[in-house]
Structures are given as C-alpha cells and as structure tokens.
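Please consult the sequence and the 3D view alongside the text.

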Amino acid sequence: MRIRLFMPGSLGTTCIASVTDMAVGYPQALVRRIGHPVMWIGGLIGTLDRRLNTKDATPARRRANGCLAAMVIVSVPTAAAVLVNRTIRRILPRWLALPLTAVLASSLVAQRSLHDHVKAVAVASQDSLPAARRAVSHIVGRDPELLDEAAVLRAATETLAENFSDGIVAPLLWMAAGGLSGAVFYKSVNTADSMIGHRTPRHEAFGYVAAKLDDLVNLPASRLSALWIILAALTMRGMGARAALRIVLRDARQHRSPNAGWPEAAMAGALGIRLSGPRSYDGVSVAEPWVGDGRADLRPEDLYRALALYRRACLIQTLAGCLAAGMLTRKLRTVHRTP
C-alpha cells in the first residue's frame with residue numbers, strides 16, 4: 001500500500017517541480033539571501049576535502065578517506081531531505097504537502113538556469129569574441145582564451161547537451177524514483193563529482209569513489225536524454241532525428257565519458273554539426289575524438305537552434321512524466337476499487 005501511495009506522489013512531485021523550474025527557476029534573490037541547496041552541499045564537500053584530503057596522506061589513505069567522504073556526502077543531505085519530507089507530510093494536508101515538496105524539489109533542477117547561461121553565450125557571440133569567451137567561461141572548464149568563435153559555440157553546445165542529462169534528466173529521474181530525497185541523493189553525488197571527481201594530483205585518489213559513483217547514477221539518464229533529444233528532433237522542422245539516432249549508435253561510446261557522449265551525439269546528429277574534438281584544460285591539450293560528421297565551424301544561429309531543440313526536449317520529458325503520473329494514478333485507483 002505504501003508503494004502504491006508513494007509512486008504517484010513522487011511522479012506528481014516530479015511533474016510540478018519540472019513545470020515550476022521551467023516557469024520561474026530558482027530566484028536570484030533567494031541565492032543572495034539563503035544560498036542554494038547545491039551551495040549547501042558544496043560547503044559540506046569542501047569541509048570534508050580540507051579535513052580528510054591532507055597532503056601528507058598516502059594515495060591509499062586518500063582513497064579510503066575519499067570513500068568515507070562520499071558516504072557522508074550522500075547520506076547527510078539525503079537524510080535531511082527525508083526528514084524535511086516527512087515533516088511536511090505530517091503537518092500539512094496532502095493537497096498542500098505535495099506542491100510544497102515539489103517547489104522545494106524544483107531547486108534541484110536547472111532547466112531555466114542552463115538555458116539562460118547558454119543563451120548568454122549566443123547573445124555575446126553576436127557582439128564580440130572576447131564577450132563570448134567571458135560568457136562561456138562561466139559554464140565550461142576549458143581555457144576560454146584559446147577558443148575561437150566556433151570553439152566557443154561548440155563548448156556551449158556541448159555543455160547544453162551534457163547538462164541536459166546530468167542537470168535536468170537525471171535529477172528528475174531520481175526524483176520520480178525517490179521523491180525529494182531521491183533528487184537530493186542524486187544532486188549530492190553529482191556535486192561531489194564536480195568538486196572532487198577530477199583527475200588532478202589532489203583529487204586523483206580522494207575523488208575516485210565520487211567520480212565512479214557519479215558515472216553509475218548517471219547511466220540511465222544519459223541514455224534517456226539522448227532519447228528525448230531524438231524525439232524532440234522528430235517533432236521539429238529542420239532537425240535530423242534519423243541522423244541523431246545514427247550518430248548516437250556510432251559515436252556515443254567513443255566519448256571519454258561513459259555518459260556525456262550520449263546527449264552530445266544526439267544533439268550533434270540532430271543539428272548536423274560536429275562536437276567534442278581537441279581542446280585544452282589548464283594549459284594541457286587533450287586529443288578528444290569528434291562526435292558527429294557535420295560542420296565544426298559553428299555560427300551563433302547553430303547555438304540558437306540547439307537551445308530550441310533543448311527546450312523541446314525538456315517539454316517532451318515533462319509531458320512524458322505527467323502522462324506517466326496520470327496513467328499510474330488511474331491504474332491504482334482502478335485496482336483499489338476492484339473487489
């Protein structure tokens with residue numbers, strides 16, 4: 001009975017959270033006043049990094065400490081979310097508890113924020129190359145001063161595709177599975193990877209568990225994000241749905257990341273462009289293979305087309321979630337009424 005009641009609730013939370021984030025996002029006034037849940041999780045990760053990842057520790061000790069840190073990073077925020085969720089359900093009627101929980105959960109989704117940051121690159125690229133480099137520096141880790149206009153636009157498009165998977169599809173998928181606590185669990189893992197999951201001398205050992213855990217929890221969402229992009233391309237004029245599917249099947253597994261290649265390949269195929277390829281991180285050149293077989297010399301209009309495809313993919317995902325919630329609720333009501 002608890003499962004029957006929980007599943008429609010978690011799907012309902014997911015639908016309302018997705019629509020809320022689409023409509024208003026996370027207000028900057030709240031960021032300035034109380035911060036953001038990711039910032040709170042980041043504070044915990046930073047504290048553990050400073051205290052457990054010491055310079056005098058051996059690589060084996062660092063890896064063991066990193067495993068302990070990953071357990072704390074995942075368990076503490078998730079337990080807090082469970083407590084918040086239970087408290088809301090106890091003190092409020094269900095008709096009010098569900099939307100309130102969903103509004104809280106919407107802070108863990110980044111549909112509007114990602115769109116606005118990538119659009120800023122598109123707008124800046126129509127102004128000047130230095131402006132585009134400044135805009136893209138906020139969303140990528142590579143050296144912006146080494147990027148020409150096409151490389152800036154490719155970097156923004158890749159970020160849009162990759163973050164569609166781990167910033168939108170994944171948290172909503174985990175939210176559908178586990179409600180607010182499921183989304184917090186995922187966001188804790190993902191934030192840990194972004195902060196300590198890098199292959200640097202400091203974090204090679206300490207962040208090993210966090211990086212591997214992030215790869216694991218993102219596996220379903222990365223494949224699903226490619227599907228949403230392909231379906232979005234199928235519904236839009238001038239997009240190549242068949243090409244998107246072909247490039248996904250050909251190039252997705254060639255990417256250095258076990259997950260990022262799926263949405264990138266789908267977007268590259270749908271837009272008829274090439275993504276990934278050689279780039280530089282902290283002055284170190286990395287020879288990445290190309291994804292897609294179209295043009296590599298992107299123009300601002302290509303990034304605007306990518307944004308349109310992204311918006312349609314977000315819409316399809318939201319509609320699919322709402323449809324699933326409605327069908328499950330109706331099915332459970334039919335089962336409950338059956339003598």
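In this predicted model, a salt bridge joins the side chains of E145 and R133 (3.8 Å, N to O); a salt bridge is a side-chain nitrogen of Lys or Arg within 4 Å of a carboxyl oxygen of Asp or Glu. E145 lies in the loop between α7 (129–136) and α8 (149–196) and R133 in helix α7, so the pair ties together parts that are 12 residues apart in sequence. Residues are numbered from 1 along each chain as its sequence is written. Because the model is predicted, local features need pLDDT of at least 70 and side-chain atom pairs count only at pLDDT 80 or more, while totals for chains, interfaces and linings use all residues; side-chain values use heavy atoms, without hydrogens and water.

**Salt bridges**
- The structure holds 10 salt bridges.
- E145 is exposed, at 58% relative accessible area, whereas R133 is buried, at 17% (buried: under 20%; exposed: over 50%; partly exposed: in between; 1.4 Å probe, protein chains only).
- R250 and D251 meet through their side chains at 2.8 Å, N to O; R250 is partly exposed at 37%, and D251 is buried at 7%.
- E301 and R299 form a salt bridge whose closest N and O atoms are 3.1 Å apart.
- E301 is partly exposed at 42% relative accessibility, and R299 is partly exposed at 37%.

**Backbone at S276**
- S276 has a positive phi, near 65 degrees, and is not a glycine.
- Most residues other than glycine have a negative phi.
- S276 is buried, at 4% relative accessibility.

Terms used:
Helix = DSSP H or I, 4+ residues; strand = E, 2+ residues; numbered from the N terminus.
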